[in-house]
Amino acid sequence: MEQEDQRKIIHLDMDAFYASVEQRDNPELRGRPVAVGGSRQRGVVAAASYEARQFGVRSAMASSVALRRCPELVFVKPRFEVYKAVSQQIRAIFAEYTPLIEPLSLDEAYLDVTTNLKNIASATRIAQQIRAEIKAQTQLTASAGVSYNKFLAKLASDHQKPDGLFVIKPEEGLKFVEALAVGQFHGIGKVTAAKMNQLGIFTGLDLRQQTEAFLRQHFGKAGGYYYAIARAEDHRPVVADRLRKSVGSETTFEQDLTLPEELTTGLQPCVEDVWAYCEKAGILGRTVTVKVKYADFQQITRSRSYLGPITSKAIIEQTSNELVSALMPLAKGVRLLGVSLSNLDTNEPPAAGRQLALPF
């Protein structure tokens, strides 16, 4: 535990990333409620500005619902190539401080700065400098959490959004966790939180009072994780350039999807994330898998493999859409969609002329 406490972890999370980029590039959108995504009746919100969030508009929400909540909502078509370019800028800033960068998506990453390239002793100071550089170079804001493990750093970055910096010191971790509602824990979703509430577990303190055997009995293997985080413990290292067996991304929707057009729109961010990682890592794969979780939590997967490596995002997108289309008509709503690429070949050279993006 002593070695764990000595880690200095930063979690960086861009604020309303897609929407903020659009507001930056179009002054007419600044200060207005903006949604990135499809404005059609059957469209889905990919991202929402903070002005839109004040009306209850959230990512993965049906566009029709978003418009009912905020009639003044302005829809903007996604420009994923622009978002990737900004991600490359920000990743380059990270790399000035540490090679231990673990990207989670286009707009967030963990950094281990215990030992860093600038020999700065304070992780808080590093986070301040990174946020300032991001603002200077991109005119965008990022929130940062600083702590001694990944779980707490993630909680900290969410604590003072947007444009915030929050630090949880080793002596503060246990107290911080025990005061939180279990639904605020990273890794505990709404369904699990509701189940915990039924068992009389409402706060981190309540969770810490349970035995590991009790938590494993009710939550399976995840019970061990819940037992640890209730004690502010997380031994996972920040790992850069991990050897992967697959690359995947998934989205849980606030409103169940029921129409073919909604599923197609819902798949797009997943496809973008998967292809962005493949470009960054210089890897190709041969098998596309779509994951579908229905409203009743039944989960299925459908896959298609190719003889050779998949060399374009368009193939992943088309294959994903075809796999989902084969499930029509839907007998029940869909609450989660995921796309993954497997049978990876890290030795396969990128297709000729293809630029490698560096999303984080």
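Is Ala 16 buried, partly exposed or exposed, and what is its relative accessible area? Ala 16 is buried, at a relative accessible area of 7%; buried means under 20%, exposed over 50%, and partly exposed in between, with a 1.4 Å probe and protein chains only.

This is a predicted model, in which local features need pLDDT of at least 70 and side-chain atom pairs count only at pLDDT 80 or more, while totals for chains, interfaces and linings use all residues. Residues are numbered from 1 along each chain as its sequence is written, and side-chain values use heavy atoms, leaving out hydrogens and water.

**Backbone features**

Most residues other than glycine have a negative phi, and most peptide bonds are trans. Ala 16 has a positive phi and lies in the loop between β1 (9-14) and α2; helices (H or I, at least four residues) and strands (E, at least two) are DSSP runs numbered from the N terminus. Phe 297 also has a positive phi; this residue is partly exposed, at 38% relative accessible area.

| Feature | Value |
|---|---|
| Ala 16, phi | near 45° |
| Phe 297, phi | near 75° |
| Lys 161 to Pro 162, cis, omega | near -5° |
| Met 328 to Pro 329, cis, omega | about -5° |

Pro 162 belongs to the loop between α7 (150-159) and β8 (165-167), and Pro 329 to the loop between α14 (313-325) and β12 (334-342).

**Sheet**

An open sheet of 3 strands, with mixed pairing, runs in the order β3-β2-β4; strands pair if DSSP finds at least two bridges between them. Its edge strands, β3 (45-48) and β4 (74-76), each pair on one side only. Strand β2 (residues 34-37) is parallel to β4 over 3 bridges, and Val 34 stands opposite Val 74 in β4.
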